[in-house]
Amino acid sequence: MFVGLVIALIGGFFLSLQNIFNTKVNEKTGSWTATTLILGMGFFASLLIGFIIEGERMWMLDNMKNWYWFSGIIGVGVVICVIQSIKLLGPTYAISIVLTSQLCFALLWDSLGWLGLEKIPFTFQQLLGVLIIIGGIILFKLGGKEVVAEN
């Protein structure tokens with residue numbers, strides 16, 4: 001479990017760092033060019049690292065359901081929405097909402113057992129946890145001074 005926690009923390013670090021980079025690319029190029037560059041570079045990096053680590057096993061896709069192929073298309077929506085929300089709301093507020101939305105939908109899909117997930121019973125503690133996070137975001141937004149950044 002400890003290793004999982006450390007990996008999740010590192011993943012959060014990478015997501016935060018990537019969002020900064022994505023926003024800067026977007027400022028220079030525009031949303032669709034930024035998305036193309038970001039996902040294109042990710043494709044080439046994944047391909048190279050995959051060949052190095054997995055070799056030919058990387059292409060063993062026999063047991064994959066056809067609808068899993070849409071994940072890449074969903075990635076386009078992720079990058080576009082996150083870039084635009086950061087542009088319109090600022091990084092901290094936007095990412096807080098994105099992560100809370102992600103948590104809420106993960107809870108929904110887990111509770112309903114959708115998309116091939118093991119069904120996990122919905123509990124009051126889970127609902128309370130999500131509501132506390134949403135309350136924290138509201139406090140964060142309402143409690144701070146709005147500062148306009150100069151470029």
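## Exercises on helix packing in a predicted model

The protein averages a pLDDT of 88, and 95% of the residues score at least 70; pLDDT is the predictor's confidence in each residue, from 0 to 100. This is a predicted model, in which local features need pLDDT of at least 70, side-chain atom pairs count only at pLDDT 80 or more, and totals for chains, interfaces and linings use all residues. Residues are numbered from 1 along each chain as its sequence is written, and side-chain values use heavy atoms, with hydrogens and water left out.

**Exercise 1.** Identify the elements with the lowest and the highest mean pLDDT.

*Solution.* Helices (H or I, at least four residues) and strands (E, at least two) are DSSP runs, numbered from the N terminus. Helix α5 (residues 124-143) has the lowest mean pLDDT, 87. The highest, 93, belongs to α2.

**Exercise 2.** Describe how α2 packs against α3.

*Solution.* Step 1: the axes of α2 and helix α3 (residues 71-89) are 10 Å apart, at an angle of about 130°. Axes are lines fitted to C-alpha atoms, for helices over the stretch in contact, and angles run from 0 to 180 degrees between N-to-C directions.

Step 2: the angle makes α2 oblique to α3. Angles under 35 degrees count as roughly parallel, over 145 as roughly antiparallel, 65 to 115 as roughly perpendicular and the rest as oblique.

Step 3: α2 contributes Ser31, Trp32, Ala34, Thr35, Ile38 and Leu39 to the contact, and α3 contributes Gly75, Val76, Val79, Ile80, Ile83 and Gln84. Contact means heavy atoms within 4.5 Å.

Step 4: by class, this contact of α2 with α3 has 8 nonpolar, 4 polar and no charged residues. Ala, Val, Leu, Ile, Met, Phe, Trp, Tyr, Cys and Pro count as nonpolar, Asp, Glu, Lys and Arg as charged, and the others, Gly among them, as polar.

**Exercise 3.** Describe how α1 packs against α3.

*Solution.* Step 1: helix α1 (residues 2-29) and α3 pack at about 80°, with axes 10 Å apart. The angle makes α1 roughly perpendicular to α3.

Step 2: Asn19, Asn22, Thr23 and Asn26 of α1 meet Val82, Ile83, Gln84, Ile86 and Lys87 of α3. These residues divide into 3 nonpolar, 5 polar and 1 charged.

**Exercise 4.** Is Asn19 buried or exposed?

*Solution.* Asn19 has a relative accessible area of 11% and is therefore buried (under 20%; exposed is over 50%, partly exposed in between; 1.4 Å probe, protein chains only). Leaving aside neighbours within four places in sequence, Asn19 is in contact with Val82, Ile86 and Ile95.
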